[in-house]
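Visitor: I'd like to go through a few local features of this one. Can you take my questions as they come?

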Amino acid sequence: MFDSLKIKEDLVHIICDIRDKEKLDKYIKDIKPEIVFHLAAQPLVVRSYQEPINTWEVNVIGTLNILNSLTKYCKESIGIFITTDKVYQNKEWVYGYRENDRLGGYDPYSSSKAATELAISSWRSSFCNLDNSQTSNFSFASARAGNVIGGGDWSENRIIPDVINSLEKNKTIILRNPYSTRPWQHVLEPLSGYLSLAEKLVNEKQKYSTSYNFGPYINSNRTVKELVEECLKSWDGEYKNANNFKELHEAGMLNLVIEKAIKELNWEPKWDFKKTIKKTMSW
């Protein structure tokens, strides 16, 4: 998407590994950004089993490097740090998780993001708490988004790219976890939430320096099977459950409570499940 739209022609575009402290320090010091959206990550559950150390290094240490650079060089900056809905200790129950529920993580990806949330909270308490006579005015919030779908995603082992790749090749769609439920939302939904959160932080740094869930209303929590069946209403094809799939552990049920974002940020999801799928398939 970035290359196709030639976005880099309209902005200063720098590629840097967030694990490289020296380069990160240099760029942050030179640019001194007022607002930072941190989305750099190793974001795939399956890959986290294959590359656990890399996953923890990128997600935890990389985030700490960013926090350190911003604290040193951007005293008046704000940050929006994107984690995931998988930061919660998943008890496989029907109740939705709230921002103050216990963090956890079975797989390396989930645990790395839960550890990132702990690191963010610790950094805020240790270095950005003005009540304790600390000097930094850098403030930041974390955003925990439900499962995003939409145009432009071609990552491996994600359901929508798998569906489209199969349909384009006239192959049967293979479902690894057909009865797992997720809070599906179009990618534009949490992006609008991140912008709303940034706006609030600019105006009241201390009040909104906390965590927020961004997800759909509860009726958009559907199984993978329901998701695929809805996709096939827009594009003819077939699916079947995987046979002899050596299953890596992934959460079976996951719900989010989004009341905090609705009440404090005046944000809410706009598209229901059917419209989300229709917009995605249309793209």
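This is a predicted model: local features need pLDDT of at least 70, side-chain atom pairs count only at pLDDT 80 or more; totals for chains, interfaces and linings use all residues.

Visitor: Helices, then. At what angle do H5 and H7 pack?

Guide: The angle between H5 and H7 (residues 224–231) is about 40°, and their axes are 11 Å apart. Helices here are DSSP runs of H or I with at least four residues, strands are runs of E with at least two, and both are numbered from the N terminus. Axes are lines fitted to C-alpha atoms, for helices over the stretch in contact, and angles run from 0 to 180 degrees between N-to-C directions.

Visitor: What does that make H5 relative to H7?

Guide: Oblique. Angles under 35 degrees count as roughly parallel, over 145 as roughly antiparallel, 65 to 115 as roughly perpendicular, and the rest as oblique.

Visitor: Which residues make the contact?

Guide: From H5, Ile159, Ile160 and Val163; from H7, Val224, Leu227, Val228 and Cys231. Contact means heavy atoms within 4.5 Å. By class, this contact of H5 with H7 has 7 nonpolar, no polar and no charged residues. Nonpolar covers Ala, Val, Leu, Ile, Met, Phe, Trp, Tyr, Cys and Pro, charged covers Asp, Glu, Lys and Arg, and the others, Gly among them, count as polar.

Visitor: And how far apart are the axes of H7 and H9?

Guide: The axes of H7 and H9 (residues 273–282) are 9 Å apart, at an angle of about 55°. H7 and H9 are therefore oblique to each other. H7 contributes Glu226, Leu227, Glu230 and Cys231, and H9 contributes Phe273, Lys274, Ile277 and Met281. The contact of H7 with H9 divides into 5 nonpolar, no polar and 3 charged residues.

Visitor: Changing topic: how many aromatic pairs are there in the whole structure?

Guide: A search finds 6. Rings of Phe, Tyr and Trp (its six-membered ring) pair if their centres lie within 6.5 Å; planes under 30 degrees apart count as stacked, over 60 as edge-to-face and the rest as tilted. One of the pairs is Tyr88 with Tyr97, which is stacked, at 5.5 Å centre to centre and 10° between the planes.

Visitor: Is Tyr88 buried or exposed?

Guide: Buried, because its relative accessible area is 2%. Tyr97 also counts as buried, with a relative accessibility of 2%. Buried means under 20% relative accessible area, exposed over 50% and partly exposed in between, with a 1.4 Å probe and protein chains only.

Visitor: Which residues form an aromatic cluster?

Guide: Phe81, Phe138 and Phe140 form one.

Visitor: Now the asparagines. Where is Asn157?

Guide: Asn157 is in the loop between strand S4 (148–149) and helix H5 (159–168). Its phi is positive, near 60°, though the residue is not glycine. Asn157 counts as partly exposed because its relative accessibility is 35%.

Visitor: What is the phi of Asn170?

Guide: About 55°, also a positive value in a residue that is not a glycine. Asn170 lies in the loop between H5 and strand S5 (173–175), and its relative accessible area of 73% makes it exposed.

Visitor: And what does Asn147 touch?

Guide: Leaving out residues up to four places away in sequence, Asn147 touches Asp85, Lys86, Arg182, Pro183, Trp184 and Gln185. Asn147 sits in the loop between strand S3 (139–145) and S4, and counts as buried at 17% relative accessibility.

Conventions:
Residues are numbered from 1 along each chain as its sequence is written. Side-chain values use heavy atoms; hydrogens and water are left out.
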